[in-house]
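The sequence and the model are shown first, and a description follows.

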Amino acid sequence: MVFTTFSEYGFVSKANATENITLRFHFQKSDGNYGALGIYAWKTGAAGTHYAFTSEDEYGKIATVSVSNTTTSINYLVTDKSWNKDYASDRVARWDAISAGYVDIYLVSGVSSSSVFTSTDGKTPVELISACIAGEDKVEAICTGSEENPDKERYVLKDYTHDEPVVVPLKSVTFTGTKATFTTEDKLDFTHVYRVFKLTEDKSANSSYALAKFDFNSDFFNDAYKYDGDDLGLTFTDTTTTFKVWAPTASNVEILVFADGQTTTIDETIPMTGGSVPEKGVWTAVSEDKSLIGKYYLYKVYFGESYNIAMDPYA
């Protein structure tokens with residue numbers, strides 16, 4: 001469509017033109033060592049451009065990119081100009097079309113996913129980006145910003161291991177910078193799947209959420225699950241065969257026994273026990289069945305309702 005306007009300077013003809021929107025890449029690196037990293041961004045099928053981090057806030061470094069308001073996705077890498085990348089694979093951020101305003105893309109070093117928020121005024125509320133289990137009664141989350149006096153009722157932790165999600169009562173919610181700490185009334189079950197939610201201001205819907213994963217690099221995890229034994233894998237004596245596998249985040253583990261290495265028919269399923277803090281995350285099964293000799297086996301490792309089939313990493 002073409003529309004016309006008149007001004008005191010004469011006749012003006014103007015076509016409906018696209019406007020630009022501003023993409024802001026927010027990048028957080030826990031060690032604070034950003035070096036020469038920046039953003040390399042490109043539209044699908046087009047050449048890319050390097051964008052330096054030119055500002056920062058309490059979350060981290062910020063790079064700004066201007067694109068047309070018809071754009072609803074952008075491919076990107078966090079890299080320096082020598083292609084030393086923070087994360088090896090290409091990534092993409094997507095959002096619903098906006099006519100004007102801002103798209104804020106939040107990234108965490110070493111993490112493939114991103115969290116995307118759109119606004120007309122450039123103001124991003126405090127939302128959840130990622131979360132981890134950080135203690136027996138503690139979940140920590142990285143957020144877009146900080147809150148001085150957070151409303152505990154706007155944060156909900158749920159256990160998704162059951163048929164229906166179960167709300168886990170929270171004792172407190174505190175912020176240190178952009179890191180939120182959720183302390184629970186009861187101890188968490190490390191074999192369960194948890195998600196933390198932030199509700200809208202009227203508490204009628206979810207505003208953002210994050211899956212609470214284990215932080216395998218945390219002091220808590222190392223203290224709770226570091227196993228110094230040398231007996232993982234398969235060991236046997238004249239009377240028993242012992243299986244041991246380290247799987248601290250599994251909810252259950254079974255051994256699938258096969259007659260040979262070619263068949264997919266399961267001869268026998270052997271349950272395993274353990275896996276908790278007292279066992280340092282080690283699952284164990286002991287069998288006195290001598291007919292196991294010469295057979296093949298795999299582990300069936302459950303994580304809530306899903307499972308993986310795996311070879312013995314210690315065989």
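## The surroundings of D104

In this predicted model, D104 touches R24, H26, S115, V116, F117, S119 and T124, leaving aside residues up to four places away in sequence. D104 itself is part of strand β10. Because buried means under 20% relative accessible area, D104, at 1% relative accessibility, counts as buried.

Two of these neighbours also meet D104 through polar contacts between side chains. One joins the side chain of D104 to that of H26, at 2.7 Å. Another, at 3.1 Å, joins the side chain of D104 to that of T124.

## The largest pocket

The volume of the largest pocket is about 1,200 Å³. Its lining is made up of 42 residues. Nearest the centre of the pocket lie V108, V111, S130, A131 and I142.

By residue type, the lining of the largest pocket comprises 19 nonpolar, 14 polar and nine charged residues.

## Strands that supply the lining

Which strand gives the most to the lining of the largest pocket? That strand is β19, with seven residues. β19 spans residues 206–214.

At least two residues of the lining come from each of β10 (102–108), β11 (115–119), β12 (128–135), β13 (138–143) and β19.

How values were computed: Residues numbered from 1 in each chain as written. Predicted model: local features only at pLDDT ≥ 70, side-chain atom pairs only at ≥ 80, totals over all residues. Heavy atoms only, no water. 1 Å grid on protein atoms, 1.4 Å probe; cavity = no way out; pocket = protein on both sides within 12 Å on 5 of 7 lines; lining within 4 Å. Points joined across faces, edges and corners; volume = space filled by probe spheres on them. Helix = DSSP H or I, 4+ residues; strand = E, 2+ residues; numbered from the N terminus. Nonpolar A, V, L, I, M, F, W, Y, C, P; charged D, E, K, R; others polar. Buried < 20%, exposed > 50% of the residue type's maximum accessible area, 1.4 Å probe, protein only. Polar contact = N/O pair within 3.5 Å; in protein donor to acceptor, adjacent residues only side chain to side chain. Contact = heavy atoms within 4.5 Å.
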